[in-house]
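Trainee: I've got a model open on my screen and I'd like to go through it with you. Can we start with the pockets?

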Amino acid sequence: MRGAPILVLSGGLQNRHSWTRLERHLAACHPLIIPDLPPAHSPGRATLCLSWEDLTDAAVRAVDQLGADRFAVLAVSSGYPIGYRLAQRHPDRVARLLLFGASPRPGPRLTELIKEGLRRENAPLPATALHSAAERRTAAKELVGVLTNTQAAQHHVMMKAAARVLADQLSSSQHDPLVRYVLDRGALLLHTPLPPGGLTGVPALVGVGEYDTATTVADNRAVAATISGAAFVVMQHADHLLHMERDTDFATLISHFLHGGRLDDLPHCTTETLP
């Protein structure tokens, strides 16, 4: 039986092709709507072009164009501020909300990296086109080293593989990966990713990998605490790129939550129900 469609709100520099493996697991029961939202920042502009509210409007337009009156929302990393706002504004339309890799604010290392990206973009000669493949690889490694837990990846092959895929994707472009990240949505993370007011009336799950250093377990628990009755899950042997590292377990967790199944007996997961 096919359930409600899932609106997937990707993290920075991801697109609909980033979700192929998850789609194989879920599409038979839940159609996936994966819009490629516009970047929040334009090259050569010192100010943000789009706000979180603008991106939320764009997400709503995507589901409206497909005639989806009611849907679940799966929002990860820098997609989570959009999913959260969408549920705040349209609780009657969001059947269930799933947030992964959420943080009230970027941590110190990511904040400094975002500021460095802004400095590069706003320099007299912006570094949007690094001259050599080696330079692009170095910049990609720098960014991936903050977004993923490189130390833990030495002991977990799928975490290492996911980080390598991300680094390869970033370095394959002719543009500075850090500037690309900042222009896409990275700079916007410095502007109230977690909106005030909390959230009630929407069944919600917040999840995080146990080794996530970009959005820590404590960060995700803090976001979950703003949602009335939210379930909170820590996935073992996982980092920030859950849908790439543990796609089968990730899909199983999503399916159980969407169908009202128990979460406390799932393997590789530790579950809490917050007040």
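Trainee: Which helices each supply at least two residues of the lining of the largest pocket?

Mentor: Before that, bear in mind that this is a predicted model, where local features need pLDDT of at least 70, side-chain atom pairs count only at pLDDT 80 or more, and totals for chains, interfaces and linings use all residues. Residues are numbered from 1 along each chain as its sequence is written, and side-chain values use heavy atoms, with hydrogens and water left out. A pocket here is an open set of points on a 1 Å grid over the protein atoms alone, with protein on both sides within 12 Å along at least five of seven lines, and lining residues have an atom within 4 Å of a point. Helices are DSSP runs of H or I with at least four residues, strands are E runs of at least two, and both are numbered from the N terminus; the helices you want are helix 1 (20–26), helix 7 and helix 10.

Trainee: Which helix gives the largest share of that lining in the largest pocket?

Mentor: The pocket has about 320 Å³ of space, a volume being the space filled by probe spheres set on grid points joined across faces, edges and corners. It's lined by 17 residues, with H17, S18, V165, Q169 and M244 nearest its centre. The largest share, seven residues, comes from helix 7.

Trainee: And how many charged residues are in the lining of the second largest pocket?

Mentor: That pocket has a volume of about 260 Å³, and among its 13 lining residues K141, V144, T150, A163 and R164 are the closest to its centre. For the classes, Ala, Val, Leu, Ile, Met, Phe, Trp, Tyr, Cys and Pro count as nonpolar, Asp, Glu, Lys and Arg as charged, and the others, Gly among them, as polar. The lining has four nonpolar and five polar residues, and the charged ones number four.

Trainee: How do helix 4 and helix 8 lie to each other, roughly parallel or roughly perpendicular?

Mentor: The axes, lines fitted to C-alpha atoms over the stretch in contact, with angles running from 0 to 180 degrees between N-to-C directions, come within 8 Å and cross at roughly 105 degrees. Contact means heavy atoms within 4.5 Å, and the residues in the contact divide into nine nonpolar, two polar and three charged. Angles under 35 degrees count as roughly parallel, over 145 as roughly antiparallel, 65 to 115 as roughly perpendicular and the rest as oblique. Helix 4 and helix 8 are therefore roughly perpendicular.

Trainee: Last one: which strands stand at the edges of the sheet?

Mentor: The sheet is open, with seven strands in the order 2-1-3-4-5-6-7 and mixed pairing; two strands pair if DSSP finds at least two bridges between them. Strand 6 (residues 231–235) and strand 7, for instance, pair in the antiparallel sense over five bridges. An edge strand has a single partner, so one side is left without a neighbour in the sheet, and that goes for strand 2 (32–33) and strand 7 (269–273).

Key:
On a 1 Å grid over the protein atoms alone, a cavity is a set of points where a 1.4 Å probe fits but cannot get out, and a pocket is an open set with protein on both sides within 12 Å along at least five of seven lines; lining residues have an atom within 4 Å of a point.
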